[in-house]
Amino acid sequence: MLELLRKYRVRLLAGCLVLTALLFYSTNLRHQNNTTMFEKIVLQIASPLLYGFDSTCRTADGLWSRYLWLIDTEQQNKALRAENRRLRGDLTDLQEVRLANERLRKLLDFRESSGLSGVAARIIAVDASSLFRTVLIDKGRQQGLREGLPVVVAEGAVGRVIKCTSRQSRVLLVTDASSTAAALVQRSRTRAICRGQGDYLTLEFALRRDDIEVGDLIVTSGTGGVFPKGLVLGRTSNIEREAYGLFQTVTVIPEVDFTRLEEVLVLLGEAS
């Protein structure tokens, strides 16, 4: 570039001088009322030069304002994006806290309405095998827990404590195949036993003549020694009555969504 300027410096200098003279002369023409033939020639020659000079100035201004000036803007943009990511992370944390508070509020409302004392606990692990339905909670003997205590949420019964350490406890869910609960059909007061079947429950020992309909709410009867009376277990979804036989087969869908459990309430007994 420098070599090119050195090579044509005389011509460039001459061109700049001529351009400057023409621009200066054409600028002064605005102060005159009459235009001579020479001045018309000057204007005709200077017009494209003025147009080119103006276009060059506008291009240089655009280059400066749109690119060179944006070097700092790019840095500011990076800083704003980083700040935006941090704020979005804070917002996600706040939403998690809000949802956790709503779940805990439901548990506290349930505890107050039931008149039972309880300890809120957080689920910290879920049994990964498909053979057992158990979860691990972050409360143990130090918080007053012991084996056999019922575990609930606002939607209904969850299970019972089967293992207890000083700071953790394992809970057997009502959907586990080895879990049973004394149950009651809320509408007809028919008694039966609710047994876990993995993802659903079945109502056992319900006589074929007993009044049970699809959609009936099944609650704990309070006679099994574990769950207090009135905890929701689920709703009947399918009923089969054979022509012969003593009992009917009833399928119950739990009201509790066990795939979304995060906090539970361990009932300790009557509130003092």
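Glu204 counts as partly exposed, at 22% relative accessibility, where partly exposed is the band between buried, under 20% relative accessible area, and exposed, over 50%, with a 1.4 Å probe and protein chains only. Glu204 and Arg195 form a salt bridge, with their closest N and O atoms 3.2 Å apart; the term here needs a side-chain nitrogen of Lys or Arg within 4 Å of a carboxyl oxygen of Asp or Glu.

A quick word on what we are looking at, friends. This is a predicted model, in which local features need pLDDT of at least 70 and side-chain atom pairs count only at pLDDT 80 or more, while totals for chains, interfaces and linings use all residues. Residues are numbered from 1 along each chain as its sequence is written, and side-chain values use heavy atoms, leaving out hydrogens and water.

Back to the charges, then. How many salt bridges does a search of the whole structure find? The total is 17. One of them brings together the side chains of Arg103 and Glu263, at 2.5 Å from N to O. Arg103 sits in helix H4, residues 70–114, and Glu263 in strand S12, residues 263–270, so this pair links distant parts of the chain, 160 residues apart. Helices (H or I, at least four residues) and strands (E, at least two) are DSSP runs, numbered from the N terminus.

Let's move on to another pair. Glu213 and Arg187 meet through their side chains in a salt bridge of 4.0 Å, N to O. Glu213 lies in the loop between strand S8 (201–204) and strand S9 (217–220), and Arg187 in the loop between strand S6 (180–185) and strand S7 (191–196), so the pair ties together parts 26 residues apart in sequence. Glu213 is partly exposed, with a relative accessible area of 43%, and Arg187 is partly exposed at 41%.

Now for a charge without such a partner. Asp210 is found in the loop between S8 and S9. Asp210 is buried yet has no salt bridge, and the nearest side chain of opposite charge, Arg209, is 4.9 Å away. For that count, Lys and Arg are positive and Asp and Glu negative, with His and the chain ends not counted. Which residues does Asp210 touch, not counting those up to four places away in sequence? They are Thr190, Arg241 and Gln248, with contact meaning heavy atoms within 4.5 Å.

On to the rings. The structure holds 1 aromatic pair. Phe205 and Phe247 have ring centres 5.7 Å apart and planes at 85°, so the pair is edge-to-face. To spell that out, rings of Phe, Tyr and Trp (its six-membered ring) pair if their centres lie within 6.5 Å; planes under 30 degrees apart count as stacked, over 60 as edge-to-face and the rest as tilted. Phe205 is exposed, with a relative accessible area of 51%, while Phe247 is partly exposed at 37%.

Last stop, strand S3. Both faces of S3, residues 150–153, are covered: Pro150 and Val152 on one side, and Val151 and Val153 on the other, are all buried. Val152 stands opposite Ala157 in S4, and a hairpin joins S3 to S4 through 2 residues.

Note on methods: Two strands pair if DSSP finds at least two bridges between them.
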